[in-house]
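Trainee: I would like to learn how to read a protein model. Can we go through one together?

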Amino acid sequence: MSDNTPKSSTPSGAGRFATTHWSVVRAAGRPKSASYQQALETLCQTYWFPLYAYLRRQGYDSHQAEDYTQAFFAGLLAKGGLRLADPKRGKFRSFLLAALKHFLANERDRAQAQKRGGGRKVLSLDFENAEIQYALEPAHQLSPEKLFERSWALTVLERTMTRLQAESAGAKKRKAFDLLKVYLTGERSSVSYRDVAAELDMTEGAVKVAVHRLRRRYRELLRDEIAQTVTAEDEIDAEIRDLFAALAP
Amino acid sequence: MAEERHCSECGGKLPADAPQGLCPKCLMKAGLESDAEADKTATPDDQSDVPTNATPPGRFVPPEPAELGKQFPQLEILELLGQGGMGAVYKARQKQLDRLVALKILPPEVGQTETFAERFTREARSLAKLNHPRIVSVYDFGYTEQGLYFFIMEFVDGTDLRRVIQSGELEPSESLAIVPQICEALQFAHEEGIVHRDIKPENILLDKKGRVKIADFGLAKLLDKPPTAYTLTAAGHKMGTPHYMAPEQIEHPGQVDHRADIYSLGVVFYEMLTGQLPIGQFAPPSQKVQVDVRLDSVVLKTLAHEPERRYQHASEVKTDVETIKADSPPSQAPIALVGQPPTPASAISRMEKHITIVAVLSIVFGTIGILIGIIAFVAIAGGGLISGDPEAMFAGGGLISGDPEAMFAGGGLISQDPAAMNVTGIVGTAVWGFFMLVSVPEVIAGIGLLKRRSWARILALILAIPNLMNIPIGTAIGIYVIWVLLNDETFKLFAQASEIRKKEQAAGIKPGPKKIVLPIIAITTAILFLIAVSVTILLGAFPWFAIVFGPPLLIFVIFALWQAKGRAATGVAGQSRAAPPRTDRRAVLIGLGVAAIALILTAILILPGLVPAIYMAKSRVASLQEETVEIAPGIQKIGEMDFPYGIPEDLTFGTEGPTLSDECTRTLELEPSEAAQVHKILRRAYRQYLELERQNTQQYRAVNSLTVIISPFRQEAESFLKQFWADLDSILDEQKRTLARRHLPLGQMFGTFQFGGPKVTIAISKENGRFSYYTTYKWPKGSGKSGKGTSSGGGSTLPPKYRRFWEQSATDK
């Protein structure tokens, strides 16, 4: 039985993990180092929208939310910014929200925000799109925290899907990806394997294999994406479950 | 507004911002490592050409029911119930008997080892014998032609405890109904010699009538894996972690016995009551939810780190839980809080931290105090005793206390020399005794505070009061300590802790191993003390110090032994690790930090006083060592200790040593004729030098004091020296000249007061027949020596180099 062969290549857990962005940030200690700054910037660039959504839901108008987001990152990326919250604990998501709350508590005054970070562009963040995206967020009674988590989860998925899509270069692969991606969410797709196989000019078995590979790759990417924001490999599953819960209505 | 769409997989509404139009929930779920659904399409054949680095070991894909059915003709396989690292479970029907059964298949890779088949049969047989209403029965087992190991088991129609806990609807009273049933099952299995090893909510099944059935007995051992790490379901939040495992399962997997199940039961119990896992610093259940406070001790005892401190049998847990259940009204509030407005948990836990900090401060300062006391004691008594030299006693005391008065105390008390004994000296020693008197209780109070003992609170309060007088740091710490200890929350915490202890005592909790640190400290100190006493007696002196140090030490020793014995008697302290005094590591670190800062600040504040004291001690030590210093070209000064006084013939090294003249003859290998000439030169030079010194010396005499000021006369001294060498060289040959320059101890003759280099001020005073003297050296600028130096001392007699002035001026007068 072929599947009885032990898979010798275990995922290179520790090795890979040591270099994720969040672990770099946490390990840096000295905020001066270049790798620290870069890692933190990458993370912020990726996950700023949930913060924006959080601020909007808190009742700030789009301009205020914009200013605060920039001011917050300015503070975070400036020297000693991590002192806003304790990065020693937990994952990036919790850290960022805690830091933002802390920041808001210190920065209720709008004039203060103007002075510190308003008008100053730290990261190039696409606020115009953000407003459109925010408008798409369900309007029902999500608390700001819940909304933050939800849009965080969506950001993670969005990033993962974008990366997955980017890997399917070429017209043929692209078409296959577009047709197969519906299977990522599960079995009960309205489209049958047979139809897809016909469409792609493949055998049904080959489609199954392709779906299987796509899923595997998807899972790898998703886990990698999440690994960037947590501290240990074994936290990934927990984070997925948290995010899953955050997506539940 | 986009039209409403639904996910074909989970039926949930698709949000407008769904990534790539896919259901985000299902996408997220697909990311789970061992989610069965995501892998369903993968046939075993597929896996071989899948990138292997994506396949974590230990995962397997359960076959479809229909496919599996081919291997089990006797069964009708209905559906897959669940799957994890331990295999997969299907609901099936036995066609012949027409009954529902659960079919469990093990992951195919477990059959890899040759010995497995034998082991499987052996274990399965013993599992099949486990016949109990609370245990899922094993009907059959074996392996299929395809090599798949399987069990056919009783089918439990209901749910598992995990889902019940997650529903959040589990009442404490229901938990109290469930736990005894688990205990029954465990007790039965343990008596049969079978340890479950993987008790967790997923394995505790509940049928529709609420009856408990435990599944997967002994499977963890059979599969020889760390049990928990493999199980996962999409909804199970806390799984995939070893939190249900007893510490020894992780630390010493070879030594696991039935008590590991009792620990796991404790984790489940805690989770049932609080909804949380007891990880790290966890609060007892009654602090989190409204449950009988007596349950705390039951839960905490099952969770004891060492197996021997846990309940030894599951039946005991059952008895205790049922006792509490029987005689308590449902949902009783924690006793300490009855009739009072509930205190926010955060305030309480904050106070917990503060109490820990106070305790740490108390222990740290107390320990430092004790150490100072012991060191001072050893230094004062020991140093002097061992050498029998009053000077040494003096040095030891001086080094540590920097207090000249305290130094004499030891010497006087021990030697019983009336000249050395004086009132202030005895007071000085008594101060050290006081140190011990305060420090020992301080440590005791600190330990008591960690255990939340009420008496420790009172003791610490009393001890904080003298602290207030140490302006400013002691005052600050004292105020903080008093604030913490008089706080309302603190009071509640202590009341609660004592309540819990009483309950534990009433429940007859057995003792744990004795804590041995305190008795060891006490016994060591006592032995040191007895050695010191006997050495003193052997040396022929009366151990006066015992009067001062004895009582506090005795109290300490008695306390330490009583403490150890007390544990054995009441067993309360045996629970200390798991019981309410949960020591917060962070608070301990904060406490240590505060203590360190206080010490540094204190050091800075007393530094102005400390520096002269250290200098004094150092100069004394320097004089005790025979240190060779070049003080002028060709002149080496060898210490001061044995400095001879008188003309070269009389100058001796030590009381019995050779004279300077003899030494000169020996080191220079002089012929008798040469020796006579050299001695003559030495004598003359010595007189000349004294004359030179005298010309530059002014003396101010009072009845009992004398001040001598020697002005620098380096230039004259050096020309004198030049002349001296010229005289010597005229009678010595080349070889002896070199020898003379290298060995002639001229420092003995001329170096007494640094050969005219600095301005020397000597103050000598005599009081009650006792001399004391202070010498100050002030080096002129450009001399290459640093500014100022002092040395001082005293005794019943004056050292010769001072005696010279004292006697001379007395006669002059």
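Trainee: How many residues has helix α5 of chain A, and what does it reach from its first C-alpha to its last?

Mentor: Helices (H or I, at least four residues) are DSSP runs, numbered from the N terminus. The expected span is 1.5 Å times one less than the number of residues. Helix α5 of chain A, residues 62-77, has 16 residues and reaches 22 Å, close to the 22 Å expected. This is a predicted model: local features need pLDDT of at least 70, side-chain atom pairs count only at pLDDT 80 or more, and totals for chains, interfaces and linings use all residues. Residues are numbered from 1 along each chain as its sequence is written, while chains are lettered from A and ligands numbered from 1 in the order written.

Trainee: Which residues of α5(A) are buried?

Mentor: Buried means 20 or more other C-beta atoms within 10 Å of a residue's own, with C-beta atoms placed from the backbone. Among them are A65(A), Y68(A), F72(A), F73(A) and L76(A). In chain B, 41% of the 813 residues count as buried.

Trainee: Which residues touch the most other members of the largest nonpolar core?

Mentor: In soluble globular proteins, nonpolar side chains tend to be buried together. A nonpolar core is a set of buried Ala, Val, Leu, Ile, Met, Phe, Trp, Tyr and Cys residues joined through C-beta atoms within 7 Å. Here the largest has 74 residues, and L265(B) and F269(B) are among those touching the most other members. Helix α9 of chain B, residues 259-274, gives the largest share, 10 residues. Another core, of 62 residues, lies apart and includes Y54(A) and M161(A).

Notes:
Buried ≥ 20, exposed ≤ 12 C-beta atoms within 10 Å, placed from the backbone. Helix = DSSP H or I, 4+ residues; strand = E, 2+ residues; numbered from the N terminus.
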